[in-house]
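Good morning, colleagues. May I ask you to turn to the sequence and the structure on the screen.

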Amino acid sequence: MQQIINFVFRNKTFLLFLLLFGVSLFLTIQSHSYHKSKFIHSANYLTGGVYKQVNGVKQYFNLKEENNALLEENRQLKMLLYNIEIDTTNYSTLDSTYLGDLYKFRTADVYKNSYSLTKNYLTIDKGKKDSIKVDFGVVTSKGIVGIIENTSRNYASVLSVLNTKSRINAQLKKSNHIGSLTWDAKSYEFVQLVDVSKFAKVKVGDTIITGGQSTIFPQGILIGSIDSFYIDAGGDTYTINVRLFNDMTNIGHVYVIENLNAAEVKSLEHKIDE
Amino acid sequence: MSSASIQLISRFVILVFVQVLILNNINFLGYINPYLYILFIMLFPVRNNRTAIVFISFLLGLCIDIFSDSGGVHAAACVFVAYIRPTFLKFSFGTVYDYQTIKFNQTELSTRLTYFTLITVVHHLVLFSLEVFNISKIILILQKTLFSSIFTILLCLIMTILFSNKRK
């Protein structure tokens with residue numbers, strides 16, 4: 001017994017090092033799996049508060065661009081509003097009259113944004129208090145941003161599309177060929193659409209939109225345009241380089257989308273799994 | 001509380017805030033960021049015991065991790081360099097270290113550069129290996145380590161030179 005105690009005392013630095021290194025490795029590995037990064041995230045009281053103060057100053061530098069973006073969005077919405085009769089043929093498949101009941105939109109400010117790491121997150125100023133929950137989609141007027149991963153009372157952290165963990169269901173706008181959106185961590189301008197069937201007619205410049213298969217995003221939210229593509233080693237699928245419409249380095253205001261039917265769809269799919 | 005510990009605590013807080021509020025947003029050429037906060041570990045008084053520095057470095061890394069949503073990568077890298085710091089001290093300062101009388105302000109620039117380079121490169125290598133967490137992307141890891149290290153070392157040297165004159 002005496003020897004054990006002596007051993008611990010002699011090697012206490014090494015043992016402490018092992019313990020702390022183990023704890024940080026555990027936290028790292030946990031942060032690599034989706035929905036498990038529960039302890040360490042910037043959506044808590046302290047960090048959210050700090051980022052809030054800084055954002056209060058930072059917002060002023062982008063006022064002009066933000067205003068232009070809002071004007072542009074207003075213009076698009078006005079076009080939609082006044083041309084709705086002419087365009088009804090296009091919407092017959094989407095049944096726009098039900099869209100209001102299916103999805104709920106909330107606005108939020110981005111407090112923190114990162115795009116230079118391999119696992120990027122954003123922090124927004126809405127949380128549980130504003131009924132933001134895990135797995136809500138986050139978009140801007142130009143395109144998708146990410147998915148809510150953690151929430152606290154006043155803040156939420158968003159898993160960015162620029163995260164090697166992120167997998168979002170997406171499709172070609174022209175045909176219904178689907179794939180999943182991933183990121184290879186090389187450039188913040190491009191994301192990769194993988195597992196697209198080789199029967200799809202892929203052309204450079206075509207638009208990629210979200211697919212209707214997930215319960216997170218509605219179908220048809222803009223993602224980006226095709227920059228280049230190649231056939232995988234297996235020969236059955238395409239990997240497509242997608243240039244994002246969103247400038248991920250400059251995101252001020254976002255919309256959080258709640259799918260009101262998500263619980264119903266999920267419980268149905270859960271039954272199939274069993 | 002002595003003035004030395006107050007100085008340490010204020011250095012800790014200032015470095016964390018400078019790191020998360022300013023340096024994490026530099027993103028030079030898209031992905032190159034300096035990690036100045038390891039200056040705290042480099043300049044930690046030599047005479048203090050090793051257990052303390054390992055523990056404080058863990059806290060330092062964890063603070064950065066919480067702010068930048070990176071799991072535990074900074075904590076791991078900090079604990080690692082804090083643990084092997086004595087080896088680097090001995091390697092770069094030689095016999096001066098044995099007498100435990102190093103004052104970082106009075107060391108020569110070349111030996112200080114060796115010491116900073118060793119700590120920075122090892123820290124960044126551990127940091128980016130854990131962040132990427134994929135051995136097949138070794139090129140990306142080395143690339144990030146190289147460029148960020150150059151940035152960090154330069155900034156650390158500039159900082160120590162700027163702030164050392166004041167105390168003379």
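Predicted model: local features only at pLDDT ≥ 70, side-chain atom pairs only at ≥ 80, totals over all residues.

Residues are numbered from 1 along each chain as its sequence is written, chains are lettered from A and ligands numbered from 1 in the order in which they are written, and side-chain values use heavy atoms, with hydrogens and water left out.

Let me begin with the interface. The size of an interface is often given as the accessible area lost when the parts come together. Here chain B and chain A bury about 3100 Å² between them, with 69% of it on carbon and sulfur atoms; buried area is the accessible area (1.4 Å probe) that two parts lose on being put together, summed over both. Of the area that chain B buries against chain A, 21% is supplied by Phe67(B), Asp69(B) and Tyr83(B), more than by any other three residues. In contact, meaning heavy atoms within 4.5 Å, are 35 residues from chain B and 36 residues from chain A.

How many salt bridges cross this interface? The rule, a side-chain nitrogen of Lys or Arg within 4 Å of a carboxyl oxygen of Asp or Glu, finds 1. That salt bridge joins the side chains of Asp69(B) and Lys112(A) at 2.9 Å, N to O. On the side of chain B that touches chain A, the largest share, 10 residues, comes from H3(B); helices are DSSP runs (H or I, at least four residues), numbered from the N terminus.

Next, the surface of chain A. A nonpolar patch there includes Met1(A), Phe7(A) and Leu18(A), and its members together have about 890 Å² of accessible area. Patches are made of residues with over 30% relative accessible area and no salt bridge; like charges are joined within 9 Å, and nonpolar side chains (Val, Leu, Ile, Met, Phe, Trp, Tyr) within 5 Å. Accessible areas come from the Shrake-Rupley method with a 1.4 Å probe, and for residues only the protein chains shown count as cover. H1(A) gives the patch its largest share, 5 residues, while Met1(A) lies in the segment before H1 of chain A.

Finally, over all chains the count comes to 9 salt bridges.

Technical notes: Helix = DSSP H or I, 4+ residues; strand = E, 2+ residues; numbered from the N terminus.
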